[in-house]
Amino acid sequence: MTTPNKYTHYLGPTTQGSCHDYFMLLLEFPERYKNWFSNIELSADLGYIGLKKDYQNFVKLHMPQKKKSGQKYLTEEQKEHNKNVGKRRVFVENAIAGFKRFYILVNTFRNKLLNFDDKVIEIATSLNNLNIKLNT
């Protein structure tokens, strides 16, 4: 979770292999934490389909629209909506790029120490946040 200035406020645990974004969110915030998202304005990508149904207390949820079944192309309204959602989400992608400047995050990670991968990404994110604070 980031702010428009690319400062990262929350970082979920790392996972190995392919794991759907929304499934990881459900593991991290099970039923008893559903009110955690109340009063939050959130932008999410299509990896979080089901978020609106399961967590309903958002102030505003910005998600791209996808084609409906049988629809060949997005309508102009859907394209405009998706463009506006993308403008909101670009801050998250830029924040991720900010801490991926540390090569340990983009190269093959061979360390087998328990939870060391989480510590490495936390350090990289913290350094990126420090850089943001020093440059504002």
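Predicted model: local features only at pLDDT ≥ 70, side-chain atom pairs only at ≥ 80, totals over all residues.
Let me begin with the helices. Two packed helices are described by the angle between their axes and the distance between the axes. Here the pair is helix α3, residues 76-99, and helix α4, residues 116-134, whose axes come within 8 Å and cross at roughly 110 degrees. Because angles of 65 to 115 degrees count as roughly perpendicular, α3 is described as roughly perpendicular to α4. On the α3 side the contact is made by Ala95, Gly98 and Phe99, while α4 contributes Ile121, Ala124, Thr125 and Asn128. If we sort the residues of this contact by class, we find four nonpolar and three polar residues, and no charged ones.

Is His62 buried or exposed? With a relative accessibility of 11%, His62 counts as buried, because the cut-off for that class is under 20%. Leaving aside residues up to four places away in sequence, His62 touches Glu41, Leu42, Ser43 and Ala44, and also Val85 and Arg88.

The other residue is Ser38, which is found in the loop between α1, residues 21-28, and β1, residues 41-43. Ser38 has a relative accessible area of 27%, and is therefore classed as partly exposed. As for its position relative to Tyr7, which is 31 residues apart from Ser38 along the chain, the C-alpha atoms of Ser38 and Tyr7 are separated by 21 Å.

Notes: Residues numbered from 1 in each chain as written. Heavy atoms only, no water. Axes fitted to C-alpha atoms, helices over the stretch in contact; angles between N-to-C directions. Helix = DSSP H or I, 4+ residues; strand = E, 2+ residues; numbered from the N terminus. Parallel < 35°, antiparallel > 145°, perpendicular 65-115°, else oblique. Contact = heavy atoms within 4.5 Å. Nonpolar A, V, L, I, M, F, W, Y, C, P; charged D, E, K, R; others polar. Buried < 20%, exposed > 50% of the residue type's maximum accessible area, 1.4 Å probe, protein only.
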